[in-house]
Amino acid sequence: MIDNQSGGCHMADLIRNTIKRALVTSTIALGVTLGMSGATAHADLTPITFGNGLMATLGGCQVPNTFVIDWCTRQEVLTQQAPLMLDLNPVGTTIIALGAGLYDDGTMRPVLEDRLNATLALARQYPLTQIITSGGVPRAGVTEARAMKEWLIANGVADGRIVEEGSSTSTVENARNTAALLTERGAQGAVVVSSPNHVERALTDFRTAVFGRIPVSGVISTG
């Protein structure tokens with residue numbers, strides 16, 4: 001008889017050791033890539049963002065396996081710092097701002113404004129990066145995606161940089177619907193922006209939705 005608990009622990013150890021080996025052997029390769037791409041050292045290039053970047057790509061988070069994705073995502077350190085992929089590939093990466101329920105009159109709650117402030121900081125830092133606002137559930141005829149887009153435009157982001165995904169009603173739908181847009185647009189990476197208590201779950205959903213086709217990283221807002 002197989003001990004399920006022991007089997008689960010063995011599997012976790014196997015994944016952990018595989019990831020450690022991948023991180024060690026890929027550190028040099030990533031450093032070479034940075035040099036060859038001409039990317040300059042950025043203020044957000046820190047041990048945390050470097051480690052998260054490796055996990056998001058070579059560490060197990062970019063695989064078509066929900067168990068591994070869930071485990072890998074829980075190993076990352078949530079941060080407000082810009083992910084490494086935005087320095088490496090600002091044009092091919094897409095920033096995704098996740099919605100939150102609007103008030104009945106269609107105005108935004110503070111939690112959504114916090115997410116948008118984090119999105120705006122990234123948009124200003126990486127002016128060549130496209131943005132998707134994701135969220136449905138309209139109030140007073142306004143979807144979360146539309147409210148977010150209008151806020152970003154009012155704060156100086158060009159209309160042409162922003163695409164709305166205004167039909168989703170949950171994080172899982174955010175991920176599935178946005179994944180289709182990412183494929184349609186030929187995106188090579190994605191950065192999900194949301195609240196500290198939401199990003200980890202959102203990353204798991206988005207990484208599952210893209211089925212390992214592209215790397216997905218996260219940025220947390222202040223609240």
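**Exercise 1.** Work out how far apart R74 and D70 sit in helix α3, in residues and in helical turns.

*Solution.* Start with the helix: α3 covers residues 66–75, helices being DSSP runs (H or I, at least four residues) and strands likewise (E, at least two), numbered from the N terminus. Because R74 and D70 are four residues apart in α3, about one helical turn separates them. Next, look at the side chains: they meet in a salt bridge at 3.2 Å, N to O. A salt bridge here is a side-chain nitrogen of Lys or Arg within 4 Å of a carboxyl oxygen of Asp or Glu. Last, check accessibility: R74 is partly exposed at 43%, and D70 is partly exposed at 31%. The classes use relative accessible area: buried is under 20%, exposed over 50%, partly exposed in between (1.4 Å probe, protein chains only).

A word on the ground rules. This is a predicted model, where local features need pLDDT of at least 70 and side-chain atom pairs count only at pLDDT 80 or more, while totals for chains, interfaces and linings use all residues. Residues are numbered from 1 along each chain as its sequence is written, and side-chain values use heavy atoms, leaving out hydrogens and water.

**Exercise 2.** Trace the network of salt bridges that includes K149.

*Solution.* First take D159, which meets K149 at 3.1 Å, N to O. K149 lies in helix α6 and D159 in the loop between α6 and β3, so this pair ties together parts 10 residues apart in sequence. K149 counts as buried at 15%, whereas D159 is partly exposed at 44%. Then take E164, whose closest approach to K149, N to O, is 3.9 Å. That pair links strand β3 to helix α6, 15 residues apart.

**Exercise 3.** Which residues does L122 touch beyond its neighbours within four places in sequence?

*Solution.* Count a contact when heavy atoms lie within 4.5 Å. On that basis, L122 touches A82, L86, I95, V191, V193 and V219.
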